[in-house]
Amino acid sequence: MPDGHTLLSNADGTIRADGPDVLVCECRGDGIDLAVRRVATFALVVSLIIAGLVTARAAPFPIVFIAVAWSACAIAALLLVRRRRRLHGVFRLDFERAELTQEGIGFRRTFPIQMIAGVSTPPAQDAEADDPGLSPRWLLLHLSNGERLRLAKAPPYALGPALAFLRRAGIEA
């Protein structure tokens, strides 16, 4: 394969073959992250304002329970987003160097390529039931430590070239 050969390109990410031994996958998945962070920040600020009003005795005490509930939900949502962020990023599978590198928002991890246990293509949660051949699927990389990494999201036919590349590299579904 020539250098920089694009195997998949869509709104959810790209997969590029950089030579015969390197696969670069970009699956950011950060659209929902931004929305959750903004809503959670709003909820936390409003909760602080409510707590201040109650402290100043300008609002009845029971309203604090609303602020506590909003704060708890905002913190839980931020923790879920942080956990979800570990699934996405820019992945570089370098079979020549025998390493897998993941670069995400605020972190960088490197794994030996031997940690890859397999690959799968489960349906995305927003998949349409009308035509299973066109419903989007995730291209998931399973690691031996139990982690899953989302390499791409696309219809099954669009994931074919990337799956063929991984098969040639010795990674089976």
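Reader: How far apart are the mean positions of the positive and negative charges of the protein?

Author: In this predicted model, local features need pLDDT of at least 70 and side-chain atom pairs count only at pLDDT 80 or more, whereas totals for chains, interfaces and linings use all residues. Residues are numbered from 1 along each chain as its sequence is written, and side-chain values use heavy atoms, without hydrogens and water. Lys and Arg count as positive, Asp and Glu as negative, with His and the chain ends not counted; each charge is placed at NZ of Lys, CZ of Arg, CG of Asp or CD of Glu. For the 20 positive and 17 negative charges, the mean positions are separated by 10 Å.

Reader: How many disulfides does the structure hold?

Author: A disulfide is counted when two cysteine sulfur atoms lie within 2.5 Å. The sulfur of C27 is 8.8 Å from the closest cysteine sulfur, in C25, and is therefore too far for a bond. The number of disulfides in the structure is zero.

Reader: Is C25 buried or exposed?

Author: Buried means under 20% relative accessible area and exposed over 50%, with partly exposed in between (1.4 Å probe, protein chains only). C25 has 0% relative accessibility, so it counts as buried.
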